[in-house]
Amino acid sequence: MGDTLLMIGTRKGLWLARSNGDRARWEVDGPHLPGEEITATAIDTRRSTPRLLMGGFGWHWGPFLVRSDDLGGTWNDPEQRPVVFPEDTGEALHTVWQIVPDTSERDGVVWAGSEPSALWRSEDHGASFELVRGLWDNPDRPHWEPGGGGKALHTILPHPTDDHRMNVAMSTGGVYRTQDGGETWAPSNHGIAVDYMPEPPPPYGYCVHRVARDAGDPTHLMMQHHGGVYRSDDDGAYWSDVGAQLPADFGFPVVAHPHRSGTAYVFPVTYESRTPPQGRCAIYRTEDAGASWQECAKGLPEEPYHAGVLRDAMCTDDHDTAGVYVGTRDGHVFASSDEGEHWTTVARHLPDVLSVRAAAIS
Amino acid sequence: MDVHVRFHGALAQRADGPNRIEVALEDRATLPDLLDVVAERLPRVGRSIRDETGTVRPHVHLFVDGEPARGEAALARPLHPGAEVLVLPAVSGG
């Protein structure tokens, strides 16, 4: 087993953690871009040396999307902005909230989600992006409103084999699907219960916090909604509530196991305070697509814990025995090298964690 | 006419640019004209000062000869030969 690299994007810069095969001991290096808010991280493993990408913004000098081709040794901030709203939109980029390298079969394709809510496509490994007009021109767009984190497109789920299909999600707005390669998009939020819109609710306006695609069946999705954990078995056409067994069905991240169908992870927090129920720091795992959930807390802090986890601050790596990673709002980063059974602490006392990504590197 | 432009050290560092430059402009050129030249000559500096709509970022302050230059009237006012333009970060952040 090779080394593992973990990107930790925080409200005050990026840290990199690296471990050898055991994923139990970590060397942490940083901050990179100190003081900048790192809202999105990505590791593009399709290249012989993985490319690291990160997006974010500085309070004074605005947004950026930078990349490194030497595993964080140096960062390339290109002279021409990679993500620029076309003049006719009258909009300006606030930040990039999501960066998703596509499959190996779509070499060079990288997707980005931004605030204000928009989807972007790159065909040159993230050097430059083009606005996906089909979604930007969707007639629902004037009705999309900002959630607590801003009006952002934060979830991008390319279909692994069908170029015509893709799901995205935004807060608020909800899930939107295309089945024609991005030309047209339709809201896809049927079955989600909401108490913040009148009955019957409109097709848009859902505060979807995150959606994850199943590793085994691409039509199976898991969603962490503003309230409720949901599952879809038909590519998002209909959603069923599967959060009843959790100690709280509110939360922000949901992450699918990279190889095993039906396995996913959430970090429940209460609706009232957005902190762990009863002050217990715990990840919950399902191995049957939400029919049942198991607490995964061995090695996590046992004392009362009152920090939540944001939507992009949980991830897995791509090892055969998957690693799972969680960054908290009080600057802890926890790692499990055995799919959530046991946890170790990678870092503590960092700024609040916004985004984590991990991958095997040679 | 020539105009002197000084950038705050944090901006110069962030944009990998110089601390000051001299810019030759047409007579009666304005601050937006100056910032167009800056953006062309130093793209990273330019985009740090203004977004893609041409709006000066909300936490960037411009000064001409020590006087704050914010608002439409200040931006439309012609610069004079030898003007000293300062680009500073606002007292903000968290």
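Predicted model: local features only at pLDDT ≥ 70, side-chain atom pairs only at ≥ 80, totals over all residues.
Residues are numbered from 1 along each chain as its sequence is written, and chains are lettered from A and ligands numbered from 1 in the order in which they are written.

A:Val356 also belongs to the largest nonpolar core, which has 102 residues. A nonpolar core is a set of buried Ala, Val, Leu, Ile, Met, Phe, Trp, Tyr and Cys residues joined through C-beta atoms within 7 Å; a residue is buried if 20 or more other C-beta atoms lie within 10 Å of its own, exposed if 12 or fewer, and partly exposed in between, with C-beta atoms placed from the backbone. Within this core, A:Ile8, A:Met314, A:Tyr325 and A:Val356 touch the most other members. Another core, of 17 residues, lies apart from it and includes B:Val5, B:Leu11, B:Ala15 and B:Ile49. In soluble globular proteins, nonpolar side chains tend to be buried together.

Turning to strands, chain A has an open sheet of three, in the order β4-β5-β6 and with antiparallel pairing. Its edge strands are β4 (37-44) and β6 (62-68), each of which pairs on one side only. From one strand to the next the twist averages 15 degrees, the axes being lines fitted to C-alpha atoms (for helices over the stretch in contact) and angles running from 0 to 180 degrees between N-to-C directions. Seven antiparallel bridges link β4(A) to β5 (residues 51-58) of chain A, and A:Glu37 stands opposite A:Phe57 in β5(A). Helices (H or I, at least four residues) and strands (E, at least two) are DSSP runs, numbered from the N terminus, and two strands pair if DSSP finds at least two bridges between them.

A:Trp144 is placed in the loop between α1 (133-136) and β11 (152-158) of chain A. This tryptophan is buried because 21 other C-beta atoms lie within 10 Å. Beyond four places in sequence, A:Trp144 is in contact with A:Ser117, A:Lys151, A:Met170, A:Thr172, A:Gly173 and A:Tyr204. A:Ser171, 27 residues away in sequence, is 7.7 Å from A:Trp144, C-alpha to C-alpha.

Some backbone details deserve a look. The peptide bond from A:Gly30 to A:Pro31 is cis, with omega near 5 degrees, and A:Pro31 lies in strand β3 (residues 27-32) of chain A. Another cis bond joins A:Glu115 and A:Pro116, with omega about 0 degrees; A:Pro116 sits in the loop between β8 (110-115) and β9 (118-122) of chain A.

In chain B, B:Asp16 has a positive phi of about 55 degrees although it is not a glycine. B:Asp16 lies in the loop between α1 (9-14) and β2 (20-24) and counts as exposed because it has 11 C-beta neighbours inside 10 Å. B:Arg28, likewise not a glycine, has a positive phi of about 65 degrees. Its place is in the loop between β2 and α2 (31-41) of chain B.

Definitions and conventions
Contact = placed C-beta atoms within 7 Å.
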